Amino acid sequence: MEFKMLELRVTYAAKPGEQLYAVGDHPALGCWDPLRAVPLISEPCDARGIVTWSSRPISVPMGTTLLYKYLLYRDGQFQRWEAFHGNREVVPQDKASDHVDVFDTLSSIRDSGQLQNGRGRLTADVPSA
């Protein structure tokens, strides 16, 4: 079986004390266990105040569908799952490269206290994947 190095990146304007993590169905992504989720590291914000968060490179099998979601932690404590029906997915399969980058976006909806992405939000109303 061939493997690829997967790196997840997501933009999100974090509030002080917030951290993002990724969790998914593969052991390298924590098997849906928030305590084993992959921490994302923030990079300096851009001119709009948006921060890019990146995972360390993760070794995953090529050609296998990987399901994942983002998690919100605040001051080191798990807060919320990214909530929408279904999951994000990626199938690493580019044979020309040994590295696969996935770039997602979460935007902050300040008036509702929820984080919106293309299909859902980080919210407390869905307890698991």
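Let's start at Phe 78, which is partly exposed with a relative accessible area of 31%; here buried means under 20% relative accessible area, exposed over 50% and partly exposed in between (1.4 Å probe, protein chains only). Trp 81, by contrast, counts as buried at 4% relative accessibility.

A word on the model: it is predicted, so local features need pLDDT of at least 70 and side-chain atom pairs count only at pLDDT 80 or more, while totals for chains, interfaces and linings use all residues. Residues are numbered from 1 along each chain as its sequence is written, and side-chain values use heavy atoms, leaving out hydrogens and water.

Back to the rings. The structure holds five aromatic pairs. The ring centres of Phe 78 and Trp 81 are 6.3 Å apart and their planes meet at 80°, so this pair is edge-to-face (Phe, Tyr and Trp rings, the latter by its six-membered ring, pair with centres within 6.5 Å; planes under 30 degrees apart are stacked, over 60 edge-to-face, the rest tilted). Ring pairs link Tyr 21, Trp 32, Tyr 73, Phe 78 and Trp 81 into a cluster.

Next, follow strand S1 (residues 3-12), where seven of the ten residues are buried, so the strand is largely enclosed by the rest of the structure. Strands are DSSP runs of E, at least two residues, numbered from the N terminus. S1 pairs antiparallel with strand S6 (residues 58-61) over four bridges, and Lys 4 has Val 60 as its bridge partner there. Four bridges also join S1 to strand S5 (residues 51-54), again antiparallel, with Ser 54 as the partner of Arg 9. Pairing requires at least two DSSP bridges.
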